[in-house]
Amino acid sequence: MKIHIKGARVIDPASGFDGVADLFIAAGHIVGLGAAPEGFHANRVIEATGLVACPGLVDLSARLREPGFEYKATLESELQAAAAGGVTSLACPPDTDPPLDEPGLIEMLRYRARSLNLARVHPLGALTQKLAGERLAEMAVLREAGCVAFSQAEAPLTDTQVLLRAMEYAATFDLPIWLRPQDPHLARDGVAHDGAVASRLGLRAIPACAETVALSTILLLVRATGARVHLCRLSTRQGVEMVRRARHDGLPVTCDVSIHHLHLCDEDIGWFDTHCRLTPPLRGREDRAALAAGLKEGTIDALCSDHTPVDDDAKQLPFGEAEPGATGLELLLPLTLRWAQEAGLPLVEALARVTSIPARILGIPHGRLAVGAAADICLFDPEGTTRVTPQSLRSQGKNTPFLGQTLPGRVRMTLMDGHVVFEQGGP
Amino acid sequence: MAPNPQLDENGRLRHLLTIEGLPAELIHTILDTAESFVGVNEREVKKVPLLRGKAIFNLFFEPSTRTRTTFEIAAKRLSADVVNLNIGTSSQTKGETLLDTVDNLAAMGADMFVVRHPESGAAHFIARHVAPHIRVINAGDGRHAHPTQGLLDVFTIRRYKGDFRELSIAIVGDILHSRVARSEIHALRILGVPDLRVVAPRTLLPKGVEELGVTVFHDMARGLKNVDVVMMLRLQNERMRGPLLPSAGEYFKHYGLTPEKLKAAKPDAIVMHPGPMNRGVEIDSSVADGRQAVILPQVTFGIAVRMAVMSLLAGGGGA
């Protein structure tokens, strides 16, 4: 299949290219940018004037719920959601049932994803067996099976000796570790940020120091071991400040923030809206401002969807009993665009946070539009809008705090490996 | 922020879920209505037919004797049919969801739910879910709110002290876990109390409590100085030993209300407690039974206030 994408504004954050150009695709790859290669005859010409062509989005955290939680979502439903959201590569955390701690599970997941052929799935392996925080998982073997990094997901790792050994072992093989900094004792039983909102609503609180105490431990162990660590979903102002200093000191750490924490704060909980029951909890206004500033200046490298489909029954409960999580794959691009508008950032810089930079963190050769690269492309209408309704979401999870909102931008078409995995007709 | 879901588009009370956001006039209407019911409770035949034919379900997902009983008495004095359900020990343990429970009871013809639940926000959640004709009264949700307790407390203060706009009031004890404290704070702020204090060790204060409009004190001598009203809170047994407090004895030494500590308050100050009391933990018996205590009148007024709330929610007025 040879495709000619005609007249789009091509934005490639990896090279900084931003201009109207034609794209030529053959055999799954980009074979021409601007001028067609000699003898190129397209099977399909896509008229894309007025649209933006950017690399397919790379999402650093998307739960697909397989194996074990198929009543919440399936690989098929969530990879369709990815395609509809312009996401062509995603990392999925290991907190499935059973957890992703054996090569067979990784191989099965990758095989299922490949046969669906909608998006590239990069599993994160469990850092410890069964995510129990006691014995190391077979990281090197899991790496061979296709794990890009190792993570505890939301499972606690209370034993700092295990964490130290995990880092030393991972550093031996140059394997990255992904950690969400949270001290399980300080966060115990908590459901909301420790601030005026939780105090007023009487919600059990998680203090900011639950993040910073864990972060401090992690950063000191990184200093001691030289392990490469990616910090997942920072949520506090103090956390951003600590990462800024650590990077200034040259520590090998990267980090991300979720679309929810970038755009929302604890005040959005209103009168106990369980859509805002999230992990980590939505923090205060100043935290949100610090996260946005950190993402803009580059202290925070990437923006992720933290896609976590939850079934309706698990949200139809009082706030503290509701399951945390929100669907996000289909909101990643619109909320990146909204942030770009608010931050006054050129598209090419904003899109870097969801394409080239997360691809670099994952260590994958995607997230760029260059001759020779795989043709993973998101075509979107920057003037269009996305209205978030349960009907419009392809994800099986219909829960998001953005329900009912109209967000900027609309994905028109997604290509993965040179074939169309999503195509939208009219408005 | 989203509008308070307990008021309809005309600002009338649809449910009573929290005191936060209630207009002062509405609170005074409730208190005035309650005054008319105090008389009923002193009559020989303590019954008015305002809620005849209405079915009120007491839905208690948490054990309670006093609150449930006063709601039951209030409903019966209004001639309603009352059904008491102790859900903590029945369907929830069989795996039925909260919404299924509520739907089933609604199908039995409930007109009003009186709900107590251990999770903050449970009453809001039920109120959002039920059919429009069903009324919900929050009888305590987690740490969030206990609005009828807050109302009976301000009713008591109004009776003994008159104008709220000249009062100094201290709330003492476990503010962090207390839905009573939160409801009292909202009610007293709305009614214009200019000097509202909370007195507690740091472990029993929620973060940012000042934003609710209170001044924080950590010691009794300063916290009670020249106050007109001392509102004590109950300290739960499980919180007396552990990371929050070292012991009941140490707590009593610093925060227990004794005659000596009470001397800091005005000579005519009243002492209140929502009950049940832990004598010798948060309050000394000589204070609890002393001339300044209005703890038993609180209980009596509680029935009139709950009658007023039920009557107003059902579209009626006073006696």
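Modeller: Start with a term: a residue counts as buried if 20 or more other C-beta atoms lie within 10 Å of its own. Bear in mind that this is a predicted model.

Colleague: Which way do the residues of strand S8 of chain B point, and are they buried or exposed?

Modeller: In general, side chains of a regular strand alternate between the two faces of the sheet. Strand S8 (residues 229-232) of chain B has Val229(B) and Met231(B) pointing one way, with Val230(B) and Met232(B) pointing the other. All of these residues are buried.

Colleague: Which strand pairs with S8(B) in the parallel sense over four bridges?

Modeller: That is strand S5 (residues 168-172) of chain B. Within this pairing, Ile169(B) stands opposite Val229(B). S8(B) also pairs with strand S9 (residues 270-272) of chain B, again in the parallel sense, over three bridges. There, Met231(B) has Met272(B) as its bridge partner.

Colleague: What should I look at when two helices pack?

Modeller: Two packed helices are described by the angle between their axes and the distance between the axes. In chain B, take helix H1 (residues 24-42) and helix H5 (residues 147-161): they pack at about 70°, and their axes are 10 Å apart. H1(B) is therefore roughly perpendicular to H5(B), because angles of 65 to 115 degrees count as such.

Colleague: Which residues make the contact between H1(B) and H5(B)?

Modeller: From H1(B) they are Ile30(B), Leu31(B) and Ala34(B). H5(B) brings Leu151(B), Val154(B), Phe155(B) and Arg158(B). Sorted by class, the contact has six nonpolar residues, one charged residue and no polar ones.

Colleague: How many helices and strands does chain B have as a whole?

Modeller: Chain B has 11 helices and nine strands. Its radius of gyration is 19 Å, close to the 20 Å that the globule rule gives for 319 residues, so chain B is as compact as a globular protein of that length. The C-alpha trace spans about 55 × 45 × 40 Å along its principal axes. Of the 319 residues, 48% count as buried. Among contacts in chain B with a separation of 6 or more, 76% join residues 24 or more positions apart.

Colleague: How many residues of chain B are in contact with chain A?

Modeller: There are 24 residues of chain B in contact with 20 residues of chain A. On the chain B side, helix H3 (98-107), helix H4 (122-129) and helix H6 (179-190) each supply at least two residues. H4(B) gives the most, with three. By class, that side of chain B has 10 nonpolar, eight polar and six charged residues.

Colleague: Turning to chain A, what is the strand order in the open sheet of six strands?

Modeller: The order is S3-S2-S7-S18-S19-S20 (chain A), and the pairing is mixed. Strand S3 (17-20) and strand S20 (419-423) of chain A are the edge strands, each pairing on one side only. Neighbouring strands are turned by 25° against each other on average, direction ignored. Inside the sheet, strand S7 (residues 52-55) and strand S18 (residues 377-387) of chain A pair in the antiparallel sense over four bridges. Ala53(A) has Leu379(A) as its bridge partner in S18(A).

Colleague: Which helix lies across S18 and strand S19 of chain A?

Modeller: Helix H11 (residues 332-343) of chain A does, running at about 130° to S19(A).

Colleague: Why does Asn117(A) count as partly exposed, and why does Arg233(A) count as buried?

Modeller: Asn117(A) counts as partly exposed because it has 13 C-beta neighbours inside 10 Å. Arg233(A) has 24 inside 10 Å, so Arg233(A) counts as buried.

Definitions and conventions. Residues are numbered from 1 along each chain as its sequence is written. Chains are lettered from A and ligands numbered from 1 in the order in which they are written. This is a predicted model: local features need pLDDT of at least 70, side-chain atom pairs count only at pLDDT 80 or more; totals for chains, interfaces and linings use all residues. Axes are lines fitted to C-alpha atoms, for helices over the stretch in contact, and angles run from 0 to 180 degrees between N-to-C directions. Angles under 35 degrees count as roughly parallel, over 145 as roughly antiparallel, 65 to 115 as roughly perpendicular and the rest as oblique. Two residues are in contact if their C-beta atoms, placed from the backbone, lie within 7 Å. Ala, Val, Leu, Ile, Met, Phe, Trp, Tyr, Cys and Pro count as nonpolar, Asp, Glu, Lys and Arg as charged, and the others, Gly among them, as polar. Two strands pair if DSSP finds at least two bridges between them. The radius of gyration is taken over C-alpha atoms; the globule rule is 2.2 Å times the number of residues to the power 0.38. A residue is buried if 20 or more other C-beta atoms lie within 10 Å of its own, exposed if 12 or fewer, and partly exposed in between; C-beta atoms are placed from the backbone.
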